[in-house]
Amino acid sequence: VIFTMFDGRMNLANQVRARTKELLELSSTFASLDSFAYLLPIPPEKGMDDPSAWKNAGASLQESLTSGRVNPAVVTYAEIGAAWRAHDPEAFNAAVHAYRAGLEAAIPARLAKCDVEARFNATQPFYTSMSLYVAAFLLAVFSWLKWPEVLGRSAFWLVVVAFVLASAGIATRMWLESRPPVTNLYSSALFVGWGAVALCLVLEAVYKNAIGSVAAGLIGFATLLIAHHLSLGGDTMEMMRAVLDSNFWLATHVVTVTVGYSATFLAGFLALIYVVRGVLTRSLDARTAESLVRMVYGTVCFATLFSFVGTVLGGIWADQSWGRFWGWDPKENGAVLIVLW
């Protein structure tokens, strides 16, 4: 009886040691998952509407080791993954639909935003706008050689369509983020191009000489191309840094100073058109040259006003944030350089 009891205790101790080793290995695996995962797809079982309560799979599984209960969302993702590996579309779709039904009951507004974002990504408004800007630029340039009225008008309306698409894209991003249009470098490229193209449309509506359409095509394409390459670096709807988390200053200082950048950018392009047409072609007659000079002068005045106001607003924000009016980042230093120059 003594030996039997001793053997039983030894077996129990071995089982405990084996179980402890398994738990330690699982904990190490889950910790690795937690440290490398950036996506937070696991909602809390209560209070799903709080974004800070969502976790990645590793963190949720680590929590299950102490609570003794696995989050149902983790189980659902495991079922979806198993169905995908088994090439079982019926089981895959059933698991996805069941999970979505639970989310729709808990967070319908957030799920609606997810649907809009998916459609937004599928339609690619900025890529379409970029193609239209190229077509408008070519038509506007050819209008200087032949059929100026027909080709010039066609280029203008192509720019209008591209501008409307880009505006819809920027407005959708604003709604999805609940933020003003400029929040990071990617959105800065979008907005600088958008603002410059808006000014180009005004110039073209006034002068009707295809110069505004040429500038719009060049600037629209260039800024959207820059934005496309910036988007390859990661999430374009990233979380705001703490000091920038102010919709008031993002909507006043940042938008104002970025409009100033847009106008400065346009003034530079108009001046380049003047130089290129005057040096490389014989199309720069006295009337066109005078129109370009007026365009550049008016645009520079507009740019100086907005850059100055935006610079002052940036100083007030810096004073409120850091207690130093001149405690600016390079963007504000760039703005003051524009004003002084």
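The legends below describe close-up views of a predicted model.

Residues are numbered from 1 along each chain as its sequence is written, and side-chain values use heavy atoms, without hydrogens or water. Because the model is predicted, local features need pLDDT of at least 70 and side-chain atom pairs count only at pLDDT 80 or more, while totals for chains, interfaces and linings use all residues.

**View 1. The largest pocket and its lining.** The volume of the largest pocket is about 1300 Å³. A pocket is an open set of points on a 1 Å grid over the protein atoms alone, where a 1.4 Å probe fits, with protein on both sides within 12 Å along at least five of seven lines; lining residues have an atom within 4 Å of a point. The lining holds 27 residues, and Pro51, Arg110, Cys114, Glu117 and Met239 lie nearest the centre of the pocket. Two or more lining residues come from each of helix H4 (89–106), helix H5 (108–123) and helix H7 (148–177). H5 gives the most, with six residues. Helices are DSSP runs (H or I, at least four residues), numbered from the N terminus. By residue class the lining has 18 nonpolar, two polar and seven charged residues; Asp, Glu, Lys and Arg count as charged, Ala, Val, Leu, Ile, Met, Phe, Trp, Tyr, Cys and Pro as nonpolar, and the others, Gly among them, as polar.

**View 2. The stacked rings of Phe163 and Trp194.** Rings of Phe, Tyr and Trp (its six-membered ring) pair if their centres lie within 6.5 Å, and planes under 30 degrees apart count as stacked. The count comes to nine aromatic pairs. In one of them, Phe163 and Trp194 have ring centres 5.4 Å apart and planes at 20 degrees. Phe163 belongs to helix H7 and Trp194 to helix H8 (residues 185–207), 31 residues apart. Phe163 is buried, at 15% relative accessibility, whereas Trp194 is partly exposed at 27% (buried is under 20% relative accessible area, exposed over 50%, partly exposed in between; 1.4 Å probe, protein chains only). Ring pairs also bring Phe191 into a cluster with Phe163 and Trp194.

**View 3. The stacked rings of Trp249 and Trp317.** The ring centres lie 6.0 Å apart, with the planes at 10 degrees. Trp249 is in helix H10 (residues 247–280) and Trp317 in helix H11 (residues 286–322), so the pair ties together parts 68 residues apart in sequence. Trp249 is buried at 9% relative accessible area, and Trp317 is buried at 10%.

**View 4. Arg277 over the face of Trp144.** Arg277 lies 4.0 Å from the ring centre of Trp144. A charge sits over a ring if NZ of Lys or CZ of Arg is within 6 Å of the ring centre and within 35 degrees of the ring normal. Lys113 lies over the face of Trp175, at 5.2 Å from the ring centre.

Methods: Grid points are joined across faces, edges and corners, and a volume is the space filled by probe spheres set on the points. Rings of Phe, Tyr and Trp (its six-membered ring) pair if their centres lie within 6.5 Å; planes under 30 degrees apart count as stacked, over 60 as edge-to-face and the rest as tilted.
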